[in-house]
Amino acid sequence: MSRFERWMAAPAAMVLVGLAGAVNKIINGEHALGTTAAMPWGLLIAGYVFFAAAATGAGLIASLGHFSGKPALMALERRGMFLALSLLIPGFGLIGIELGNPLNMIYILLSPNFTSGIWWMGFLYSIYLALLLIECYYSQVNPTNKNLKMVSALAVLNKIAAVCNLGAIFALAGVRLFWNGYYFPIYILVTAILSGAAALLTASYLTGKRAGLEIEPAIVEALGKIMAGCIVIAAAMTALKLYANLQAAEQPLRETAAALVSGPLAWRFWLGEVGAGMLLPLALLLIANFRAKHTFAAAVLILIGVFAMRADFIAAGQIIPQVVVEGVQHTAYHVYSATWTEWALLAGATGASVLMYAFAEYKFTLDAEAADTFADPECVADLTGRRKLTV
Amino acid sequence: MRTFSRRTFLKAAAAATIAGAMPLAGDFTGFVRGAAEAPVTRTPSTCNGCSTNCAMFVYVKNGRLWKLEGNPIAMKNEGKLCARAYGVAADVYNPDRVQQPMKRVGDKFEPISWGQAFKEIGDKLTKIIDKHTGSSVLWLCHGGKEAYAQMLLDEIGSANYVTHYSTCFTSKTNAWDKMVGTQLTSDINRAKYMVFAGRNYAGGIMPGAMKKLMRAKERGAKIVVIDPRLCELAKIADEWIPIRPGTDLALYLGLAHTLISEKLYNESFVRQYVFGFDEFWQANRHFTAEKAAAICDIPAETIRRLAREMARNAPASFLEPGYHGLHNHYVNSTQIAQANVIVNALLGNFYQHGGLMPSASPKLGKLALPKRLQPEKGARADGAGVNNEYPTVETSRGIAQHMPDLIAAGKVKALFIYHFNPLRTAPDPEYQKRIINAELVVSIPVDWNETSVHAAHYILPEHYFLERMEAPKPISGNIAHDYPQVAMRFPALKPLHNTKDVLDILKGIAKAMNIDDLYPFTVEEDAAAQLKPLGITVDKLREVGCYEVPEAIKPGFPMKDGKPALNTVTGQVEFSVGIFKLHGRQGVPTWIPPLVSPKADNEFRLIHGKQPWHSHSVTSNNPHLLAITKSYNGTWMWINKGRAEKLGIKNGDIVTLEAKIEYKGERRTVQKSIPARVTEMLHPECVWIPSGYGNFSPRARFGYQQGVNYNDFAPARVEPLSGGCMVQEVIVTVRKGGN
Amino acid sequence: MAHYAMLIDASRCTGCAACRIACQMQWQLPPEVFFNRLEFREQGTYPNVRQDIVPVQCMHCDNPPCLKVCPTGATYKRADGMVLIDHGKCIGCKYCMVACPYDVRQMNERGVPEKCRFCAGHVETGGQPPCVATCMNDVRIFGDLDDPNSEISKELKRRDVFQLAAHKGTKPRVFYVKSKK
Ligand SMILES: Nc1nc2c(c(=O)[nH]1)N[C@H]1C(S)=C(S)[C@@H](COP(=O)(O)OP(=O)(O)OC[C@H]3O[C@@H](n4cnc5c(=O)[nH]c(N)nc54)[C@H](O)[C@@H]3O)O[C@H]1N2
Ligand SMILES: Nc1nc2c(c(=O)[nH]1)N[C@H]1C(S)=C(S)[C@@H](COP(=O)(O)OP(=O)(O)OC[C@H]3O[C@@H](n4cnc5c(=O)[nH]c(N)nc54)[C@H](O)[C@@H]3O)O[C@H]1N2
Ligand code: SF4
Ligand code: SF4
Ligand code: SF4
Ligand code: SF4
Ligand code: SF4
Ligand SMILES: [Mo]
């Protein structure tokens with residue numbers, strides 16, 4: 001077994017776990033999930049939003065490189081595209097398994113419903129996938145192709161539309177007060193970039209580290225700044241939203257905000273979303289002034305934090321019983337606890353993501369400067385091996 | 001407490017599907033599509049969900065049960081069916097039915113053929129009768145299908161036909177029988193003012209009564225509900241008056257006092273039709289509304305107002321005679337029923353429209369059978385009607401809850417238990433389990449009920465009610481209707497399992513005992529003979545399901561030769577019961593306090609009641625009805641909010657109930673845990689539990705160990721006058737937390 | 001063309017759940033899938049307390065959010081007002097469940113949401129929905145709004161009615177009688 005193979009054992013095992021989850025979901029359907037009629041969307045949807053948004057964020061940063069002309073970002077263009085692909089496909093996998101009848105997807109084409117956010121999601125993300133494949137293809141085969149410029153330009157619009165629509169799926173569902181309004185499309189855009197940047201940094205850092213290379217400090221700083229900026233915006237948005245909701249006239253809004261701040265979602269909110277997703281990484285980034293190691297740590301924390309954000313956001317929208325009959329005393333909150341199947345599927349998607357990305361690093365040229373090093377299988381093989389690799 | 005697991009059901013359902021069916025559990029589209037073209041048959045039947053026996057039509061598609069519709073003619077349901085009807089019907093496919101005869105071998109049951117079972121039971125029975133006479137054989141049953149079993153008992157010389165009624169409402173039937181000679185029923189259709197105490201038609205359901213009550217409401221009649229709990233009927237009533245449980249007798253006496261002292265009662269009715277008025281008044285003239293108020297926790301002013309309003313609307317007003325609610329519950333239950341008769345008689349509403357009317361019953365015919373030479377019957381084993389035992393208990397109903405004592409005393413050697421589950425529906429299951437000590441215990445159920453699993457030597461499963469024809473049943477009792485009716489059960493489905501109907505089971509046993517030609521007829525022949533006087537055929541009834549006899553019964557007190565002609569000694573309504581006096585008791589009711597009362601902060605009277613979607617023990621293994629339970633936290637124990645707060649109990653908290661069982665030299669402590677429903681809808685001095693849970697038959701898998709039952713906490717006592725169980729003479733302590 | 005609707009007088013309901021299981025039998029549903037439910041409301045303090053029980057089922061909204069969000073057109077509205085689900089087109093995304101303001105949709109064994117069908121296929125020929133027919137308190141009236149002689153048309157004229165969560169703009173076709181108390 002080569003070092004690469006040995007090193008890939010962990011993500012491969014995760015994929016196997018995920019497959020077990022998938023089999024269980026396929027056999028037992030809805031019962032394999034912790035979701036209920038009252039909380040129909042659970043961790044798999046959160047996972048899907050996490051992966052799809054991170055993919056879009058990574059893609060957007062890649063495009064940013066393309067158009068900004070900033071060398072540090074330009075260096076990330078290809079890695080960003082391949083990373084986006086490695087995030088998007090497992091994300092699709094998650095939602096495909098979550099769907100009760102994925103085969104009926106054909107009706108999205110045959111009888112489209114243009115008022116449906118999910119229809120637009122299917123549409124925009126299919127295009128995203130197609131554009132990504134084209135971009136990735138050309139990046140390897142013919143990086144200087146003239147058409148690529150146009151494709152990239154289209155892709156930027158598509159990505160912004162896709163990720164905003166992702167927010168709009170929730171915002172425009174119309175009846176879940178907490179999700180309503182323009183807040184979430186923007187919030188998702190910001191946090192998508194945040195998680196995309198974090199994923200990119202994590203991937204680049206680990207790849208570089210394996211190769212025994214220092215990442216270009218400019219790259220670290222660029223991504224670090226994006227992360228810090230996004231955190232500040234996201235934190236401000238979250239604080240404003242929760243503050244407004246806690247004061248809101250509508251009781252369900254107050255209750256939802258309370259669920260996050262001091263209710264059943266509080267531990268994940270404070271530890272995950274706020275702690276891991278905002279405070280700690282921001283501190284790491286600013287105190288260490290974008291030093292690679294610290295920025296990497298911050299990025300990993302951000303990925304965890306943003307996943308918590310997704311889970312919180314999905315849960316919060318549904319956790320308060322809807323007021324159907326005025327004055328009915330419900331149990332305070334709906335309960336949802338994820339099953340092993342859901343965790344297994346998330347692990348599987350994560351593993352698949354890592355495998356796909358590593359495979360891309362191994363197989364393709366993602367890095368203009370260090371092309372040779374990265375093409376060396378031995379280097380890639382040790383991507384996460386904690387062994388003796390110090391710069 | 002274990003919550004219902006859908007996984008087990010799916011598994012079980014899968015097993016059932018393999019066995020042939022489980023329509024409600026299956027994938028409906030498959031079924032509907034498959035059956036779309038199939039012809040649908042519609043067979044009349046009567047629901048077996050409770051003793052209301054609502055008439056209905058059963059729709060069968062592709063040989064599988066599809067759905068039910070109420071029969072619009074039938075006066076007890078007027079086209080309506082309650083939830084339980086659907087549940088018990090679907091249970092025809094319940095995998096926990098007993099699917100063939102079984103014989104106990106050690107702790108287990110082994111399949112046995114019908115032939116072998118009849119032979120073994122017949123042999124044992126013959127030996128027991130030879131040695132101990134026919135009087136050592138007892139038939140214990142739900143009741144209502146007397147005829148066939150009676151014939152066997154007559155043949156062997158046993159007087160021991162015992163029904164479940166002593167666990168239901170014998171103090172009422174007994175008092176009415178002795179005071180009025182019949183059971184009158186409330187004429188909801190024409191009443192203007194109705195008082196229901198301990199009678200919850202919306203929970204202890206009779207669909208037709210609710211239909212009539214709703215119509216009455218629409219035309220402006222008033223409904224008052226007296227119940228420690230805001231029960232389902234109270235929800236739609238004009239007034240809910242909570243009462244301290246166990247003190248209804250005081251309320252009734254207070255009502256009577258007001259009626260008499262304020263001269264609101266119908267004097268001419270009393271003069272003409274009542275015997276013992278003076279005796280009653282002498283004994284109660286000091287029992288004012290104030291006295292009553294102090295006892296029953298209802299303001300004296302309210303008691304007086306009630307009496308005045310009833311009197312103002314009389315005779316189109318009544319105090320509903322009631323059912324289980326108060327009549328199996330207390331040491332003073334018989335007196336409660338007596339006082340009920342008295343309040344109504346004071347209103348002069350007997351045989352009056354809008355008051356109490358007789359229950360119209362058609363006069364059915366009888367098969368002409370050859371006379372047989374039969375032995376003289378010995379004394380009853382259960383003591384009902386026996387001097388120095390329970391002389392005042394009705395012999396037509398008997399005493400069901402003390403079988404283990406009769407067995408231990410050697411009075412009962414062989415016990416048949418038909419359509420009855422005393423281990424779950426009679427008090428103190430630990431005690432009831434000793435039924436197994438008889439020499440021969442044969443259970444005839446449909447499912448693996450507690451009695452069969454824990455006490456039977458043989459289990460002989462009957463056809464499911466949807467699979468059998470039954471002799472016609474008069475639709476009567478409980479509520480008034482102008483026209484007598486009759487309905488019949490026809491087989492809607494082919495028998496699924498190796499079961500038999502009760503007549504064939506009895507034929508088999510009789511034959512094995514070498515009793516020839518005891519039953520020289522079929523159910524259909526019996527049915528035809530019974531219907532004959534009505535001028536209709538079995539086929540006609542098969543069409544309509546329920547037949548209404550065109551002659552209406554008329555109001556008016558029964559008279560003969562210008563004299564009141566009730567079936568009592570004097571022909572009048574007897575306020576004083578002679579036979580009670582004969583046996584050293586009081587003839588008229590006076591205040592008798594309950595046996596026990598809660599005192600400490602953590603003590604409560606344990607009371608119970610029907611929940612609309614469960615019956616006794618029989619529905620508690622139905623997945624659909626249990627799913628309703630799950631949706632609405634149906635197993636939870638109600639507790640008053642103020643009291644709960646003092647004990648630190650919040651809604652949904654698990655609490656532990658504890659009671660001491662001390663009687664006949666036994667001393668046990670019972671502890672059970674259950675979540676609490678903290679509510680403002682209950683009197684502070686009691687806790688209330690729904691009566692349909694607490695199954696402990698491991699072979700009735702869906703309902704196993706869900707919830708608790710009031711019978712767990714009650715000793716198996718016998719109320720001396722009427723034979724009731726006094727199941728609410730029970731104090732429990734309640735504490736937060738499970739055990 | 002008929003226009004089906006339902007009128008519910010919750011003040012008559014005593015919570016027996018017959019409507020739920022009668023419907024389950026009509027449509028051969030498993031125990032956990034049910035098309036109508038009850039909401040319980042307790043108000044006041046002992047002994048001055050009252051209870052309300054409100055039956056809730058799909059409102060067959062004229063402006064159904066569930067339909068708006070359905071990506072494949074699996075959820076559709078018939079000309080007679082019934083909102084139905086074409087199981088063959090449904091991808092099981094549960095968006096409709098999230099979008100329904102009345103929480104009336106449930107997943108079935110095959111990953112397709114289910115809800116009250118207004119007994120489509122049974123009422124067109126004059127049948128009454130079992131939830132209506134079985135109810136001993138006659139809580140529900142079902143019928144055709146376009147027929148001025150139908151019981152529901154007459155009752156709607158006669159009574160003061162309201163709709164649940166009407167402020168959400170769903171325009172429900174299930175109406176409730178305003179209680180007098
Ligand atoms: N736990 C509990 N105890 C109760 C009550 C309660 O609500 N809960 N209620 C009290 C009252 S009011 C009453 S009336 C009694 C009723 O007491 P039971 O008559 O014992 O009650 P059920 O549960 O209706 O039926 C008992 C058994 O009858 C069998 N059975 C059902 N259908 C058939 C059939 O078609 N043929 C045959 N052969 N057997 C059949 C079933 O196996 C079932 O276990 O219980 C009293 N005691
Ligand atoms: N759902 C359902 N319906 C049934 C049956 C069933 O099993 N389930 N069984 C049928 C049969 S066999 C019977 S006997 C009838 C029984 O019908 P009911 O007698 O009406 O029913 P219960 O629920 O036993 O009692 C009625 C009420 O009495 C109240 N109660 C308890 N203690 C007291 C008290 O001390 N004083 C007063 N005033 N009220 C008190 C209870 O809270 C309850 O609401 O129902 C019939 N219908
Ligand atoms: S009241 Fe309900 S369970 Fe009893 S016979 Fe009628 S429909 Fe059946
Ligand atoms: S059947 Fe009627 S009374 Fe019973 S729960 Fe349904 S609506 Fe209420
Ligand atoms: S009630 Fe819900 S499911 Fe029914 S039509 Fe309205 S939104 Fe759709
Ligand atoms: S679950 Fe089915 S019916 Fe509901 S929105 Fe998705 S595709 Fe439409
Ligand atoms: S209308 Fe039909 S489908 Fe809808 S709840 Fe009633 S019975 Fe069920
Ligand atoms: Mo009973």
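Predicted model: local features only at pLDDT ≥ 70, side-chain atom pairs only at ≥ 80, totals over all residues.
View 1. H1(C) spans residues 18-26, and nine of the nine are buried, so the helix is largely enclosed by the rest of the structure. Buried here means under 20% relative accessible area. The residues concerned are Ala18(C), Cys19(C), Arg20(C), Ile21(C), Ala22(C), Cys23(C), Gln24(C), Met25(C) and Gln26(C). Their cover includes parts of chain B, namely strand E3 (64-70), helix H3 (83-90) and helix H24 (623-631). From chain C, the cover includes strand E2 (36-45), helix H4 (130-133) and strand E8 (140-144).

**View 2. The shell around ligand 7.** Cys23(C), one of the buried residues of H1(C), is also among the residues that surround ligand 7. Others in this shell include Trp27(C), Phe35(C), Asn36(C), Gln57(C), Cys116(C), Arg117(C), Phe118(C) and Cys119(C). Pro129(C), Pro130(C) and Cys131(C) belong to the shell too. By class, nine residues are nonpolar, two are polar and one is charged.

**View 3. An open sheet of four strands in chain B.** The strands lie in the order E11-E10-E9-E13, with parallel pairing. Strand E11 (239-241) and strand E13 (317-319) are the edges, each pairing on one side only. Ignoring direction, neighbouring strands are turned by 15° against each other on average.

**View 4. Strands E9 and E10 of chain B.** Strand E9 (residues 193-197) and strand E10 (residues 222-226) run parallel and are joined by five bridges. Opposite Tyr193(B) stands Lys222(B) of E10(B).

Note on methods: Residues numbered from 1 in each chain as written. Chains lettered and ligands numbered in written order. Heavy atoms only, no water. Buried < 20%, exposed > 50% of the residue type's maximum accessible area, 1.4 Å probe, protein only. Helix = DSSP H or I, 4+ residues; strand = E, 2+ residues; numbered from the N terminus. Contact = heavy atoms within 4.5 Å. Near = heavy atom within 4 Å. Nonpolar A, V, L, I, M, F, W, Y, C, P; charged D, E, K, R; others polar. Pairing = 2+ DSSP bridges. Axes fitted to C-alpha atoms, helices over the stretch in contact; angles between N-to-C directions.
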